[in-house]
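Morning, everyone. I have one chain to walk through.

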Amino acid sequence: MSWFRRDISDREKLPRPENGERKVKTEGLWQKCAGCRQIVWKKEWDDNWNVCPRCGVHARIDAVTRIKLLLDGGAYRQFDAGLRSSDPLGFVDSKPYSQRLDASREATNLCDALVSAEGDLDGRPIQICSMENKFIGGSMGSVVGEMITRSIERAIERRTPVVIVSASGGARMQEGAISLMQMAKISAALMRLDEACLPYISVLTDPTTGGVTASYAMLGDLNIAEPGALIGFAGPRVIEQTIRQKLPEGFQRSEFLLKHGMLDAVVPRLEMKAYISRALKFFVG
Ligand SMILES: [Zn+2]
């Protein structure tokens, strides 16, 4: 390829960013893997649901893609897509919360950090909630809490299992205590689901932290995670400063948590649907 074999004098004319790395315009055709550092054709990533075709590292995927991966034919019916946070505290940090909401809505085309849907998984109707990390860090506020609760209530009414895919930085601080109350509200709804003898499968993806880990993400009849996902409550730096000890290698990653009994399984993304299907067959026949 001629562009690749330019002579050195030409190369030196290319602009260099401050860190000294050469800046090459790839027009979004290539994506560097965070695991093996190889440059992989973007289409290969897309075809492989954002799992590195070279080393198997699981890059993040968005909420809608996740639902398409798990449901038959990628077909689903969406619920509560019009719910909006009312910004109950009129919260302002470096900028008003209402502006953050507007920016996230525009960037993701979602009403909040979650997509709630119904569809078939291997022919079995399920309720599924999929979190969107790009919407204010996938944080759980009043809308996320309400959407999940309604999804669980719909499952009880229609006698279907529930699958919740978490990808979250935790409770949404801009909604203060109201976001924390969602933890109790969802947990109570999951209790009713349990009393109705319906299964709930929690899928933990990178990252699942804070109040989400401390409530519904760890309350599944099965808690299963993707490989290499960051899962925890407080961040490693906070823990290190509190206990004044160095944390072990791989701390707060799926494999470490599985080894220490915090998870039931670590399942690769491309096997996730088959795994959930088998699990639901086991639970409800
Ligand atoms: Zn890789």
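Surface area comes to about 15200 Å² for the chain, and 53% of that belongs to carbon and sulfur atoms. Areas are Shrake-Rupley with a 1.4 Å probe, and for residues only the protein chains shown count as cover.

Ground rules next. This is a predicted model: local features need pLDDT of at least 70, side-chain atom pairs count only at pLDDT 80 or more, and totals for chains, interfaces and linings use all residues. Residues are numbered from 1 along each chain as its sequence is written, and side-chain values use heavy atoms, with hydrogens and water left out.

Now the overall fold. The chain has 10 helices and 9 strands. Those are DSSP runs numbered from the N terminus: helices are H or I, at least four residues, and strands are E, at least two. The radius of gyration is 21 Å, close to the 19 Å from the globule rule for 285 residues, so the chain is as compact as a globular protein of that length. That radius is over C-alpha atoms, and the rule is 2.2 Å times the number of residues to the power 0.38. Along the principal axes, the C-alpha atoms fill a box of roughly 70 × 45 × 45 Å.

How much of the chain is buried? Of the 285 residues, 45% are. Buried means under 20% relative accessible area, exposed over 50%, partly exposed in between, using a 1.4 Å probe and protein chains only.

Contacts next, meaning heavy atoms within 4.5 Å. Take those between residues at least 6 apart in sequence: 65% join residues at least 24 apart.

Ala171 gives a local view. It sits in the loop between strand 6 (162–168) and helix 6 (176–195). Ala171 is buried, at 13% relative accessibility. Leaving out residues up to four places away in sequence, Ala171 touches Ser139, Met140, Ser179, Leu180 and Gly211. Gly141 is 30 residues from Ala171 along the chain, yet their C-alpha atoms are 6.3 Å apart.

Compare Val92. Its loop runs between strand 3 (77–79) and helix 4 (97–108). Val92 is exposed, at 52% relative accessible area. From Val92 to Ile152 is 60 residues in sequence and 32 Å in space, C-alpha to C-alpha.

Last, cysteines. How many disulfides are there? The count is 0, taking a disulfide as a pair of cysteine sulfur atoms within 2.5 Å. For Cys129, the nearest cysteine sulfur is that of Cys111, 11 Å away. Cys129 is buried at 0%, while Cys197 is exposed at 61%.
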